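Please open the model in your viewer and keep the sequence beside it. The tour below moves from selection to selection, with a short account of what is there at each stop.

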Amino acid sequence: MAGRSLEKVNRAMAEIASGGIRGSLSAVHLDVTDEASIRQAAQHVHDKHGRLDALINNAAVGCVDPNIKTRMQLSMETNAIGPAVVADAFRPLLLQSDNPYSVYVSSSLGSLSMVTNAVPDGFPLFPNMDAYRMSKAALNMLMVVEAEEYAAQGMKVFAMCPGFVVSNLRGTNEAARSGAG
């Protein structure tokens, strides 16, 4: 498992391990907005394990800054460019696996077909979500391109949407974590 905070990664690993898992987990520092961090993490996994069976790109930010350039740059860098660089760095390790999986955690807000339909009742829309939606659409295309390019090598590539969840994506106060209530 990887993340910007090894302390948080270790807590998450302990929680997962307490539920009983098959296989093993290990922690590595990785910041999707820092290419050196990504390369170091990939090298660490290479040196320690020699392969990677599953890569789950789950990093995201929901920037709602009023400045469009700021929110576009942060959203694209974190939600689309970072996962592309992570996938590129870890792909050689995935291809060493007998059964490689590459999974992108996306959002229905990035679906081109869903955005043209009415948003379901009760689903909160926040102001300035354009950058988040565009970045998740870009992530979805990244998944499609990777699936096409690596299917012949046995890589299974998916995007998944966990739905609206309590998270720090929108901020750390309770209203933001819970989606305004």
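Two strands are taken to pair if DSSP finds at least two bridges between them. With that criterion in hand, and bearing in mind that this is a predicted model, begin with the open sheet of three strands, whose order is β3-β4-β5 and whose pairing is parallel. Colour the two edges next: β3 (54–57) and β5 (156–160) each have a single partner strand, so one side of each is left without a neighbour in the sheet. Looking from one strand to the next, you will find a twist that averages 15°.

The protein has six helices and five strands, and from the N terminus on its elements run β-α-β-α-β-α-β-α-α-β-α. Of its 181 residues, 34% count as buried. If you draw the contacts between residues at least 6 apart in sequence, 67% of them join residues at least 24 apart.

Now select β3 together with strand β4 (residues 101–105), which pair in the parallel sense over four bridges. Across this pairing, Leu55 stands opposite Ser102 in β4, while Ile56 stands opposite Val103 in β4. Strand β4 is mostly covered, four of its five residues being buried.

Helix α3 (residues 68–94) lies across β3 and β4 and runs at about 175° to β3. Helix α5 (residues 130–150) lies across β4 and β5, running at about 165° to β4.

Which residues have the most contacts inside the largest nonpolar core? Select Leu30, Leu52, Leu55, Val86, Phe90 and Tyr104, which hold that place in a core of 22 residues. Helices α2 (35–49), α3 and α5 each supply at least two residues of this core, and α3 gives the most to it, with six residues.

Stay with Leu55 and show its surroundings. Not counting residues up to four places away in sequence, Leu55 touches Val86, Ala87, Phe90, Leu94, Tyr101, Ser102 and Val103; of these, Ser102 is the residue that Leu55 stands opposite in β4.

Is Asn140 buried or exposed? Its relative accessibility is 19%, and because buried means under 20%, Asn140 counts as buried. Leaving aside its neighbours within four places in sequence, Asn140 is in contact with Ser106, Ser107, Gly110, Ser111 and Ala159.

For a stop at another helix, select α1 (residues 6–18), which has 13 residues and reaches 18 Å from its first C-alpha to its last, close to the 18 Å expected at 1.5 Å a residue. After α1 comes Gly20, whose phi is positive, near 80°.

End the tour with cysteines. Cys63, at 10% relative accessibility, counts as buried, whereas Cys161 is partly exposed, with a relative accessible area of 39%. A disulfide is a covalent bond between the sulfur atoms of two cysteines. How many disulfides does a search of the whole structure find? The search finds zero.

Key
Residues are numbered from 1 along each chain as its sequence is written. This is a predicted model: local features need pLDDT of at least 70, side-chain atom pairs count only at pLDDT 80 or more; totals for chains, interfaces and linings use all residues. Side-chain values use heavy atoms; hydrogens and water are left out. Axes are lines fitted to C-alpha atoms, for helices over the stretch in contact, and angles run from 0 to 180 degrees between N-to-C directions. Contact means heavy atoms within 4.5 Å. The expected span of a helix is 1.5 Å times one less than its number of residues. A disulfide is a pair of cysteine sulfur atoms within 2.5 Å. Buried means under 20% relative accessible area, exposed over 50%, partly exposed in between (1.4 Å probe, protein chains only). A nonpolar core is a set of buried Ala, Val, Leu, Ile, Met, Phe, Trp, Tyr and Cys residues joined through side-chain atoms within 4.5 Å.
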